[in-house]
There are 2 protein chains.
Amino acid sequence: MKVFIIGTGLIGGSFANDLRSAFSDVEIYGVDEKEHHLEEALVEGFIDHKAELSDLKVADVVYLAIPVDASIKVLPKVLDIVSDDCLVTDAGSTKEQLCNSIADHPKRRNYLAGHPIAGTEFSGPSAAIHGLFKYKTNIICEVEKTAFQLQEKALEIFHALGMRIRYMDPASHDRHIAYVSHLSHISSFMLGKTVLEKEKNERDIFDLAGSGFASTVRLAKSSPEMWTPIFRQNKKNVMETLDEYISNLKHFRELMEADKFDEVYSEMDKTNHIKDVLNGITKTENLKIQENGK
Amino acid sequence: MKVFIIGTGLIGGSFANDLRSAFSDVEIYGVDEKEHHLEEALVEGFIDHKAELSDLKVADVVYLAIPVDASIKVLPKVLDIVSDDCLVTDAGSTKEQLCNSIADHPKRRNYLAGHPIAGTEFSGPSAAIHGLFKYKTNIICEVEKTAFQLQEKALEIFHALGMRIRYMDPASHDRHIAYVSHLSHISSFMLGKTVLEKEKNERDIFDLAGSGFASTVRLAKSSPEMWTPIFRQNKKNVMETLDEYISNLKHFRELMEADKFDEVYSEMDKTNHIKDVLNGITKTENLKIQENGK
């Protein structure tokens, strides 16, 4: 099986790694605009060969793991080149614009729109992790538009990597993911900004920061190169989440100003049941272990 | 050494645990309004005896680990009862009001104001952790107002538990901690609220949430009972941090609305160096290991 990884960073590198562990007959080609990423990926052993887009005509599988603005430009070109039996899938965090962009492509049936809920705040080939996708959800959009045989091929790969599958339409995906992922990143970046601005001349003040602060600003280490196009493509949804978030913060501030601390208590108390939701995630992960155990 | 722990929750329980490991001659008494906490602490073996405030006259050390509004009421009573040689210290997250409240107490010299930057989002005796304070910073305020001999006793205990000491005046403590701790909690609670409100009828949507979301909302599991009085006591500082945070979020939103995505990129890029700051925390923790190694 000839697999082409376009974008040999954290996601592409981890995908290549796990694919090699799961399938004995896999030959992995790397395509990346950044020559140093390809060199790193070769040294790390993620890929067997460097390649270019024109080589894709021999591909059995193409995995697109590049920023979402680049995907919009590259995906149609990929579809132009690949054979009729080639599966093309991706890892982009926004789905509506990408799906729309190739809606009328003659090879639409070769493409399966995916978004694995996996990653870290780091990037590049050196950030790749073994088992990154294990027990993680891969959201598949517009599955009905992909050739049935290629859906099967994709599921075989995703299951081998330990992923769980959820089906969703692209608009719902982008709306929900704005809440549970994109907004978290902005809240974290702006928290980091607020604290850095205040404490810029007193660096050692960060001695005062504990694990709570570190946890809350962790996502502020994320790559602006990856996140700027996500916010651009999902602008409408992200702005809506931001409006609601800002409004909730202002309300909390007003309660404090008016000394309504019973209501401040109640605000926190009502949100406390996020515990159950987060425990739910853990439970689901345990279920995934059973489901995927094979 | 007779040690009285007032408040046998996460902090008090962990303190008792580690004290027992560090000192062979320690006898631990628990004082708690919640009878079931005392029972749990006895069963877990944190404390040797249940006690009441009136028993404090035999205490060598008193550790106050209760919500900050309760501390203001309890600390003067404690000082009224203890002997001249007894060290009284605490773990409260706000320091100015508490220090002011006992400024003129005849036994002011028995009290050392402390704030260990340690804890988790959980609470109660069952949340106590062995080694919770190891390599953590304990902020000491108004050290000059504590009897020298009792400062020495306190440092011996804090060092035995593996803590690193930072000295700071109460007003600076409250101002800085508003940024690096209190604001994180509000940002996390309001993020949790925003997402829960949106997704309340679609619980399974949390399948879409990854480790990034879990990390960012972790603090929204914290106890309202502990945090409401913190926000009340540190109202002025916390409101200032909230104003700056809301203003940064609004600016980000405006940049998105105006399609100024170069500036959106730049906002994130400038905050990215929080990496170095957080790495600094890790480095400091490594240093602490060396410093405290004994």
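Visitor: How many bridges join strand E6 to strand E7 in chain B, and do they run parallel or antiparallel?
Guide: Four bridges join E6 (residues 111–116) of chain B to E7 (residues 137–141) of chain B, and the two run antiparallel. Strands (E, at least two residues) and helices (H or I, at least four) are DSSP runs numbered from the N terminus. This is a predicted model: local features need pLDDT of at least 70, side-chain atom pairs count only at pLDDT 80 or more, and totals for chains, interfaces and linings use all residues. Residues are numbered from 1 along each chain as its sequence is written, chains are lettered from A and ligands numbered from 1 in the order written, and side-chain values use heavy atoms, without hydrogens and water.

Visitor: What stands opposite Pro116(B)?
Guide: Asn138(B), in E7(B).

Visitor: And what is the strand order of the whole sheet?
Guide: The order is E3-E2-E1-E4-E5-E6-E7-E8 in chain B, an open sheet of eight strands with mixed pairing; two strands pair if DSSP finds at least two bridges between them. E3 (49–50) and E8 (164–168) of chain B are the edge strands, each pairing on one side only.

Visitor: Which strands does helix H3 of chain B touch?
Guide: H3 (residues 68–81) of chain B packs on the sheet and touches E1 (2–6), E4 (61–64), E5 (87–90) and E6 of chain B. Contact here means heavy atoms within 4.5 Å. The direction of H3(B) makes about 170 degrees with that of E4(B); axes are lines fitted to C-alpha atoms, for helices over the stretch in contact, and angles run from 0 to 180 degrees between N-to-C directions.

Visitor: Different topic. At what angle do H6 and H9 of chain B cross?
Guide: At roughly 60 degrees, with the axes of H6 (residues 170–199) and H9 (residues 235–257) of chain B coming within 9 Å. H6(B) and H9(B) are therefore oblique to each other (under 35 degrees is roughly parallel, over 145 roughly antiparallel, 65 to 115 roughly perpendicular, the rest oblique).

Visitor: Who meets whom there, H6(B) to H9(B)?
Guide: Among them, Tyr179(B) and His182(B) are on the H6(B) side, and Leu242(B) and Tyr245(B) on the H9(B) side.

Visitor: What about H6 and H8 in chain A, what angle there?
Guide: H6 (residues 170–198) and H8 (residues 224–233) of chain A pack at about 120 degrees, with their axes 11 Å apart. H6(A) and H8(A) are therefore oblique to each other. Ser181(A), His182(A), His185(A) and Ile186(A) of H6(A) make the contact with Trp227(A), Ile230(A) and Phe231(A) of H8(A).
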